Amino acid sequence: MPHQFHSSSLREYDIRGILGKTLGAADADAIGRGFGTLITRAGGSAVAVGYDGRESSPLLEKALVAGLTATGCDVVRVGLGPTPMLYYAEASMDDVDGGIMITGSHNPPDYNGFKMVFQGRPFFGEDIQRLGTMAAAGDWDEGSGSSREQPMLDAYIDRITRGAKEFTPFRVGWDAGNGAAGPALEELITKLPGEHHCLYTKVDGTFPNHHPDPTEPENLEDLQKLVADEGLDFGIAFDGDGDRIGAIDGAGRIIWGDQLMQIFAADVLAEEPGATIIADVKASQALYNRIAELGGKPLMWKTGHSLIKSKMKETGSPLAGEMSGHIFFKHDYYGFDDALYAAVRLIKAASALGKSVTELRSEMPEMINTPELRFQVDEARKFAAVDEIVARMRDAGADMSDIDGARVNTADGWWLLRASNTQDVLVARAEANSEAGLDRLMAQIDEQLALSGIERGEAAGH
């Protein structure tokens, strides 16, 4: 029987929707049938499946597995855990050809979704649209595959803590936000030296303590209090499915994704001199300057975890990162975004560089910048508006990168306007060397938006 997905659920990087409204068991079954068919047609035979702590995840997992096995594809069920545990299963198991993670990531409790890996590469964009086309045509193979359970948590934790006994014994605070990384975190800290204090490791898909998105400062307040009360060296927070990291230093200052990357780059470039290090267009100029200063090759690329992973493969880059806290280590690892592994690598980097995380944060130049500003714009208009802005800036002879929207350099610093691939929002950011400079940059953003008939209104949420 053919199947029609809701028009909003097939996204650029994943499949996502509101349970019972835009996403349900029938969709999970159709995803399984489409993905399983593509795997078997590509000569593969087995898919790993994992799920996060949302209340709807077990129901979707059951339907997904049914869809996969109905195509003759075998399924390895790795159980509840963070998204990177599923990525690790796909990367490390010889008999597995793809992976699907059921996760709503950092979205509200009534959301859920699917992230996919296909024979070791990101499955996104046109791949995801193909699942929709196949479902509408009922273009699925038939067969009868098997399903087996193989918990991966222990093997995953063993892998990411390799060599950890040599690290400096720091005192660390952790906040799992009641997300899927909680049980993994409880096991992780038993393998690390030092002293560890954890918050909210119990998996609870209603997120009773705070929303599991470490890029929102209010979600780090409990961790800041823990670090202050206990006098800890630094703190780490995870998003709902454990693929994005947030951090604070011992003084309670937030260490943003592009600032963490300065620390990681120093460690990686000491071991791989001259390597290409990738960051997204939202990252601070301070990061690109620091990579160059360390002898590395900075490369600015498009925002989006699937796009960054693809660029890493193409360039052989050992390290990449996004402002949003997706950090990708190919150096000594597999190249996927893994917040628990990034946390281990922060401890390793501070140990190797012989400094505290607070010292490393204090050494960074203080930039005057805005957070990521997001504002609602009509879905049909968002890409067109950005194209207009790029064309105007090009006509004006601006110093601009247009790989992902418009990132414009001026004497004051830089400003960015780009369209989100996942929501009907435009994203803006600006960074300057003075407050007056920042005001001038924001005025330029507002002027460009006005010329395209858009007002920078209330910032939209995630």
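Is Phe-336 buried or exposed? In this predicted model, Phe-336 is buried, because its relative accessible area of 8% falls under the 20% cut-off. Phe-336 sits in the loop between β16 (327-329) and α11. Skipping neighbours within four places in sequence, the contacts of Phe-336 are Pro-84, Tyr-87, Tyr-88, Ala-91, Lys-309, Ile-327, Phe-328 and Phe-329.

Now follow the chain into helix α11. Asp-338 caps its N-terminal end, with a side-chain oxygen 3.0 Å from the backbone nitrogen of Leu-340. Just past the helix, Gly-354 has a positive phi of about 70°. What about the length of α11? With 15 residues (339-353) at 1.5 Å a residue, α11 should span 21 Å, and its end C-alpha atoms are 20 Å apart, so the two agree. Of those 15 residues, 12 are buried, so to speak mostly covered; among them are Tyr-341, Arg-345 and Lys-348.

Helix α8 (residues 257-271) packs against α11, and here's the geometry:

| Item | Value |
|---|---|
| Angle between α8 and α11 | about 65° |
| Distance between the axes of α8 and α11 | 9 Å |

The crossing of these two helices is left-handed. On the α8 side, the contact uses Leu-260, Ile-263, Phe-264, Ala-266, Asp-267, Val-268 and Glu-271. Those meet Ala-342, Arg-345, Leu-346, Lys-348, Ala-349, Ala-352 and Leu-353 in α11. Sorted by type, the residues of this contact come out as 10 nonpolar, four charged and no polar.

Notes: Residues numbered from 1 in each chain as written. Predicted model: local features only at pLDDT ≥ 70, side-chain atom pairs only at ≥ 80, totals over all residues. Heavy atoms only, no water. Helix = DSSP H or I, 4+ residues; strand = E, 2+ residues; numbered from the N terminus. Expected span 1.5 Å × (residues − 1). Buried < 20%, exposed > 50% of the residue type's maximum accessible area, 1.4 Å probe, protein only. Polar contact = N/O pair within 3.5 Å; in protein donor to acceptor, adjacent residues only side chain to side chain. Axes fitted to C-alpha atoms, helices over the stretch in contact; angles between N-to-C directions. Left-handed = near helix turned anticlockwise from the far one by under 90°. Contact = heavy atoms within 4.5 Å. Nonpolar A, V, L, I, M, F, W, Y, C, P; charged D, E, K, R; others polar.
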